Amino acid sequence: MPEITRDEVAHLADLARIDLDDAELDHLAPQLAVILESVASISGVASDDIPPTSHAIPLTNVYREDVNTPCLTAEQALSGAPAQEQQRFSVPRILGDEQ
């Protein structure tokens, strides 16, 4: 089992800008050792004749044809609006001039 020391955990935490107390360092060192052991076991299984993959099965994107279809005119879209101005929806201002 790969060993990771408390000082190495403290160094990693410092690099990641994570403030850990002594109890957390003592708690995390064995957990990180288990993670390293798991990664090492997976690396041992990997074979040169198996290509790396991101998914277990091949995936392809399905695209539909981009076809223009009739849509609402500006007048139709604005017909139910409570207020409109210059062929646009008119809404109350929520921001002041401090932008």
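Where in α2 does a kink lie? Keep in mind that this is a predicted model as we work towards that spot. The kink, of about 25°, sits at L28, shortly before the proline P30. So much for the bend; what about the span of the helix? α2 has 24 residues, and from its first C-alpha to its last it reaches 36 Å, which is close to the 34 Å expected at 1.5 Å a residue.

Now bring in the neighbour. The axes of α1 and α2 come within 9 Å and cross at roughly 105°. An angle of 65 to 115 degrees counts as roughly perpendicular, and the two helices, α1 and α2, are therefore roughly perpendicular to each other. On the α1 side of the contact you'll find R6, V9 and A10, and these meet D22, L25, D26, L28, A29 and L32 in α2. Sorted by class, that contact has six nonpolar residues, three charged ones and no polar ones. Notice that L28, where the kink lies, is also one of the α2 residues in this contact.

L25, A29 and A33 in α2 are buried, and the buried residues of α2 pack against α1.

Next, step back to the segment before α1, where I4 is found. I4 counts as buried because its relative accessible area is 12%, and the cut-off for buried is under 20%. What does I4 touch, leaving out residues up to four places away in sequence? The list is V9, L12, A29, L32, A33 and L36. Two of the buried α2 residues, A29 and A33, are among those partners of I4.

R17 isn't a glycine, but it has a positive phi of about 55°. You'll find R17 in the loop between α1 (6–15) and α2 (22–45), and it counts as exposed because its relative accessibility is 76%. Further along, Q87 is another residue other than glycine with a positive phi, in this case near 60°. Q87 lies in the loop between β1 (84–85) and β2 (88–89). With a relative accessible area of 53%, Q87 is exposed as well.

Terms used:
Residues are numbered from 1 along each chain as its sequence is written. This is a predicted model: local features need pLDDT of at least 70, side-chain atom pairs count only at pLDDT 80 or more; totals for chains, interfaces and linings use all residues. Side-chain values use heavy atoms; hydrogens and water are left out. Helices (H or I, at least four residues) and strands (E, at least two) are DSSP runs, numbered from the N terminus. Buried means under 20% relative accessible area, exposed over 50%, partly exposed in between (1.4 Å probe, protein chains only). Axes are lines fitted to C-alpha atoms, for helices over the stretch in contact, and angles run from 0 to 180 degrees between N-to-C directions. Angles under 35 degrees count as roughly parallel, over 145 as roughly antiparallel, 65 to 115 as roughly perpendicular and the rest as oblique. Contact means heavy atoms within 4.5 Å. Ala, Val, Leu, Ile, Met, Phe, Trp, Tyr, Cys and Pro count as nonpolar, Asp, Glu, Lys and Arg as charged, and the others, Gly among them, as polar. The expected span of a helix is 1.5 Å times one less than its number of residues. The bend at a residue is the angle between axes fitted to the seven residues ending there and the seven starting there.
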